[in-house]
Amino acid sequence: MPRASPERPSLTAALARSYAEHGLASRSVLLAVSGGADSTALLVGTARVRDTLALRVEVATVDHGLRPEAAEEVTSVVGLAARLGLTCHVRRLALQPGAGVEARAREARYATLEVLRQERGLDFVATGHTLDDQAETLLMRLSRGAALRGARGIHARAPTLIRPLLACSREDVLAFLATEEVGFVRDPMNADPSLFRTRVRLDVLPALNRAAGFSTVEHLATFARLASEDEALLAGLADAAWERLALDGGGLDAVGLRALEPPLSRRVLARLLVSAGARVDHATLERGRDVVARGGAMPLSDGFLLKATGGRVRCVGPGPQAPPAPLVLAGPGARGDFGAWRFQVAEGSAPPGVLALVLEEGTAWPLTVRSRKQGDRVRTRAGHRKVQDALVDARVPAEARDAQPVVVDARDVPLWLPGVVPRFVEPGAVACRHSLWAFPPASSERKTPPL
Ligand SMILES: Nc1ncnc2c1ncn2[C@@H]1O[C@H](COP(=O)(O)OP(=O)(O)OP(=O)(O)O)[C@@H](O)[C@H]1O
């Protein structure tokens, strides 16, 4: 299959360029290597360019404890790293198979790598994501209803994470490994047809390439990169419009909101609904823009109301909620409800969409989930803060504050406000320890508007 653009750099040249673009010359990186083709190419390619860039390189491989063959894969990564003269760290987790295992493994892996990065004093974790991963991600998100925000694809960089192979295709990776005569392992998950990603990789992309007559991955990945830049620009403009239109006493200036171009009015309106705690989707936003244009009111899900009256657009909550009955959690395994929230004391890292508090060894049981009390204070990253102030900062609407769970220990000391004061993850306590999982109510599941 010919490429869309023939003049592509070699894998090592692309890697060197990417490390230089990330400002990594004379810095340090922890390579995340599973032993699969992509991360093996990342390992060998980085070893080839490290001296030129004066890069300090270490390697990490994670055995999730889910497949017996993983032990052999770990051994092969350790052996390859040793042949390349690199230190390799092995981390073993003990995840349980079952629902959401892929996402749980990913979360535990990233957390483990980040802790190791900090322990070793390295600047970045690097993963082996490629142009093909980017193209697959884009197709998956678009087909599930993403708009520009979701079309940004895989980020090339997060504060301590980089993806230096993102400009290389899987074809480049396989050609490089063949030239270097280096073998790699094949993860059976990558061939599991029950996974949407596998079907996109093995069926959809090849069919698309055949239909186009050339490899489409570069075009798709370029779109994701440009979408990311466009989205950043629009998000900045929407923030500025929000500041301009926000009225004293709450709500937005209706005339100003009506005058915005649709991409901005959608984003500003979405922010209004999200900050009130309402749920947002494409259809709600379009109907909401109609209400803003005509004036009047529109009921939203979960008892919220969008009102465009008297020159002001507001999102009104469902009215004061009675404080739910307290929930006592006696110890590991305990579970129960606090209003619309569900809690469970569990082992290991939480499934996606579930908030978690890692419980320290000396936790004073039982824990209780209750409403706020006068004088409650909670530990935040910035020190101790009044619970009331934390709720205001987090824009929890006044009428919803009594329904906000406050988790306290046996001495009635607040430990956590799920969704308001983020969890604390102590180094080394990432997986396989007890944590308290909080399943948020449906209305707060989608905080990020699908724009
Ligand atoms: N067991 C592992 N040990 C170390 N690194 C790993 C492991 N598994 C995956 N990685 C890293 O993550 C990258 C992506 O792997 P993969 O596509 O299999 O994961 P994924 O679960 O789809 O993750 P993502 O959501 O990040 O794409 C790999 O190239 C490698 O750098």
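The model is predicted, and local features need pLDDT of at least 70, side-chain atom pairs count only at pLDDT 80 or more, while totals for chains, interfaces and linings use all residues. Residues are numbered from 1 along each chain as its sequence is written. Helices (H or I, at least four residues) and strands (E, at least two) are DSSP runs, numbered from the N terminus.

**Exercise 1. Describe how helices α2 and α6 pack.**

Step 1. Locate the helices: α2 covers residues 37-53 and α6 covers residues 170-180.

Step 2. Read the geometry. The two axes come within 9 Å and cross at roughly 55°. Axes are lines fitted to C-alpha atoms, for helices over the stretch in contact, and angles run from 0 to 180 degrees between N-to-C directions.

Step 3. Classify the angle. Angles under 35 degrees count as roughly parallel, over 145 as roughly antiparallel, 65 to 115 as roughly perpendicular and the rest as oblique. Therefore α2 and α6 are oblique to each other.

Step 4. The crossing of α2 and α6 is left-handed, a term used if the near helix is turned anticlockwise from the far one by less than a right angle (right-handed if clockwise).

Step 5. List the contact. From α2 come Ala37, Asp38, Thr40, Ala41, Val44 and Gly45, and from α6 come Val173, Leu174, Phe176, Leu177 and Glu180. Two residues are in contact if their C-beta atoms, placed from the backbone, lie within 7 Å.

Step 6. Sort by class. Seven of these residues are nonpolar, two polar and two charged. Here Ala, Val, Leu, Ile, Met, Phe, Trp, Tyr, Cys and Pro count as nonpolar, Asp, Glu, Lys and Arg as charged, and the others, Gly among them, as polar.

**Exercise 2. Trace the strand pairings of β12, β13 and β20.**

Step 1. Recall the rule. Strands of a sheet pair through backbone hydrogen bonds, either parallel or antiparallel. Two strands pair if DSSP finds at least two bridges between them.

Step 2. Start with β12 (residues 335-338) and β13 (residues 341-347), which are antiparallel over four bridges. Gly336 stands opposite Phe343 in β13.

Step 3. Inspect the turn. The hairpin of β12 and β13 has two residues between the strands, and Gly339 takes a positive phi near 55° there.

Step 4. Move to β20 (residues 434-439), which is joined to β13 by six bridges and runs antiparallel to it. The bridge partner of Phe343 in β20 is Ala438.

**Exercise 3. Locate the cis peptide bond at Pro366 and the positive phi of Ala54.**

Step 1. The cis bond joins Trp365 and Pro366, with omega about -5°. Pro366 lies in the loop between β14 (355-358) and β15 (367-370).

Step 2. Ala54 has a positive phi of about 50°, although it is not a glycine. The loop between α2 and β2 holds Ala54.

**Exercise 4. Describe the shell around the ligand.**

Step 1. The ligand is surrounded by 14 residues, the closest being Ala32, Ser34, Val62, Thr127 and Gly128. A residue counts as near if its C-beta atom, placed from the backbone, lies within 6 Å.

Step 2. The elements giving two or more residues are α2, β2 (56-63) and α4 (101-120). The most come from β2, with three residues.

Step 3. By class, the shell has four nonpolar, six polar and four charged residues.
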